[in-house]
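Colleague: Please take one part of this predicted model and go through it closely. After that, show me how other parts are packed.

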Amino acid sequence: MKKYAAGFDLGGTTCKVGFFDAEGKLLEKWEVPTDKKDNGKNILPNLAENIHSYLRGKKIPLDEMIGAGIGVPGAVTPDGVVNKCVNIGWDKKVPIEEEMTKLCGFPVKAGNDANVAALGENYMGAGKDSQSMVMVTLGTGIGGGIVIENKMIVGFNGAGGEIGHIHVDDDETEECGCGNKGCIEQYASATGIVRLAHRALLKESMDSPLRTMEHITSKDVFDQAKAGDVLANKIADDVCSRLGKMLAIVANVVNPEIFVIGGGVSRAGQIIIDKLRPSFEKEAFHACRGTKIELATLGNDAGIYGGVSLVLNK
């Protein structure tokens, strides 16, 4: 009887690896350096050898492996092909499921890392037991993942869930990294929050502890807002108002049971949900206004839980 499965969360610096039992209980986790030399040609062989080494050390036969799932920082098609991952060196299409299955000797499924993290929160996190969930990952950029009936919505060519590039501002003059202007990523990502903070400091004359900081971070903005600083609260309100508008747009299309907010910015906590809720309820269709909005609970482990769920809940 097959007893074990693995989840991989591949990033630009390391790949997080989780080893699970057949019921989805995390038994052990570790990290493997991401070798980006020679266009990342050694990344998949390294991961396969790493899991083989672990199995040998634990004296677990290969035929006891149910399989593994992997999240990668790029668009993944429904048939398991990733169309470039420039930040890990892949500059062409990689048939990741086919290659990893051959290297590992057991079935491997793949998905976009943000989608897979959403699947993890749906599997064992804040969205557990929900039939429909949208996860928003507020990090350096904004990622998203849509899960309907425990399945990821990946789209025709793997670009499903790119909610970071929903348009929320017609008056924006600066370009987003995607080439458009006015994307939510320009306002509610970690870098977007800092950008709005610098704009506010130039526009407003009021005193604020933010003015004394050499390198403002998104954490600084929310920390000062929670401490009662007027300018920081004004910035946080601006950020969350736009975020609420974006969630309303998604709710009107998907009508999920729950939104889960994750990523580094979400560590600010309940203040984000409290500040975005009025905008969300104002903009959302009346039947969607009561949608639950909660903070993610799995943190950096969401990707490995999502990865293993690809094979345990296939």
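Modeller: Leaving aside residues up to four places away in sequence, V265 touches L138, G139, S189, A190, I193, S218, F222 and I272. V265 itself sits in the loop between β11 (258–262) and α9 (270–283). Its relative accessible area is 7%, and the cut-off for buried is under 20%, so V265 counts as buried. D301 is 36 residues away from V265 along the chain, and 16 Å separates their C-alpha atoms.

Now to the sheet. Its 5 strands follow the order β3-β2-β1-β4-β7, in an open sheet with mixed pairing. From one strand to the next, the twist averages 15°. Within this sheet, β1 (residues 4–10) and β2 (residues 14–21) run antiparallel and are joined by 7 bridges. F8 is placed opposite V17 of β2.

Helices pack on the sheet too. α3 lies across β1, β4 (65–72) and β7, at about 145° to β7. Helix α4 (residues 113–124) also touches β1, β4 and β7, and its direction makes about 105° with that of β7.

α3 (residues 96–104) has a helix partner as well: its axis comes within 9 Å of that of α2 (residues 43–58), and the two cross at roughly 40°. The crossing is right-handed. On the α2 side the contact is made by L44, P45, L47, A48, I51 and H52, and on the α3 side by I96, E99, M100, L103 and C104. By class, this contact has 9 nonpolar, 1 polar and 1 charged residues.

Methods:
Residues are numbered from 1 along each chain as its sequence is written. This is a predicted model: local features need pLDDT of at least 70, side-chain atom pairs count only at pLDDT 80 or more; totals for chains, interfaces and linings use all residues. Side-chain values use heavy atoms; hydrogens and water are left out. Axes are lines fitted to C-alpha atoms, for helices over the stretch in contact, and angles run from 0 to 180 degrees between N-to-C directions. Helices (H or I, at least four residues) and strands (E, at least two) are DSSP runs, numbered from the N terminus. A crossing is left-handed if the near helix is turned anticlockwise from the far one by less than a right angle, and right-handed if clockwise. Contact means heavy atoms within 4.5 Å. Ala, Val, Leu, Ile, Met, Phe, Trp, Tyr, Cys and Pro count as nonpolar, Asp, Glu, Lys and Arg as charged, and the others, Gly among them, as polar. Buried means under 20% relative accessible area, exposed over 50%, partly exposed in between (1.4 Å probe, protein chains only). Two strands pair if DSSP finds at least two bridges between them.
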